[in-house]
Amino acid sequence: MMKLRRFLKEIKRASKFIHEKKWACASEGNLSVLLNEKYILITSKGAKIRDLIKNPVKNLSLIKIEENKFTLIKGKEPSSETLAHFLSYKEILKNNLKENYLLHLHPENIIAISHLVKIEKELNKILKGVHFEFEYFFPEGVGFIKEKKPGSIELAKENAKKISKYKCVIWKKHGIISRGKSFEECIERIEILEKIAGIYLKLFYFKKFF
């Protein structure tokens, strides 16, 4: 019970920061925490990040991990991106990464830069060239997935392949998912990439028009 209270406190704090940053408008975005090897706490379908600030319990779903599926244990129907979280945690556990938090958001600069690249190598070259800090925080680079239908099994499977290698995976024209040992760590990783993407977009604009 004490551990669950801690998770709920973390969710409220993270949701407040995300809402203030406007990284998840309306019912955009979702977050989850792997409570143990069997259970995942995840935002419910249609839940708004801002609603998690006041009443996280009402807007969260508890699901149980089974061999090749997940089962709803408590709460409303889970997020439409639950499959992406479920398959990601299977890879995280398989590779013993010891990072039991996932955060999927829609930051503007990250989405914008995803429109401008075609492949993962190109994206990493741009980010590396913009800011020295990129290599410090992401020595392995970041993952990139070409345009896939939100909530699809194709997106979930592709993300699962990359999440064990990369701390963050950018989804073209959609957003980003980050893993970490806490929501704060997930947020920091996204915050850094959002800043670097913003710098590049400014440089891109001035280079194009001036």
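Entry one, a positive surface patch. I looked up its members and found Lys146, Lys148, Lys157 and Lys161. I noted that I am reading a predicted model.

I then picked one of these, Lys157, and asked where it sits. Lys157 is in helix α7, which covers residues 153-163. Is Lys157 buried, partly exposed or exposed? I read a relative accessible area of 49% for Lys157. Exposed needs over 50%, so Lys157 at 49% counts as partly exposed.

I located Glu120 in helix α5, residues 120-130. Next I checked its cover. Glu120 has 19% relative accessibility. The cut-off for buried is under 20%, so Glu120 counts as buried.

Which side chains does the side chain of Glu120 touch through polar contacts? I wrote down Lys162, whose side chain is joined to that of Glu120 by a polar contact of 2.8 Å. I also wrote down Tyr166, where the side-chain to side-chain polar contact with Glu120 is 2.7 Å.

I found Val169 in strand β7, residues 168-171. Its relative accessibility came out at 0%. Buried means under 20%, so Val169 is buried.

Last, I looked up a pair. How many residues apart along the chain are Val169 and Phe134? I noted 35 residues.

Key:
Residues numbered from 1 in each chain as written. Predicted model: local features only at pLDDT ≥ 70, side-chain atom pairs only at ≥ 80, totals over all residues. Heavy atoms only, no water. Patch = residues over 30% accessible without salt bridge, like charges linked within 9 Å, V, L, I, M, F, W, Y side chains within 5 Å. Areas by Shrake-Rupley, 256 points an atom, 1.4 Å probe, with all protein chains shown as cover. Salt bridge = Lys/Arg side-chain N within 4 Å of Asp/Glu carboxyl O. Lys, Arg positive; Asp, Glu negative; His and termini not counted. Charge placed at Lys NZ, Arg CZ, Asp CG, Glu CD. Helix = DSSP H or I, 4+ residues; strand = E, 2+ residues; numbered from the N terminus. Buried < 20%, exposed > 50% of the residue type's maximum accessible area, 1.4 Å probe, protein only. Polar contact = N/O pair within 3.5 Å; in protein donor to acceptor, adjacent residues only side chain to side chain.
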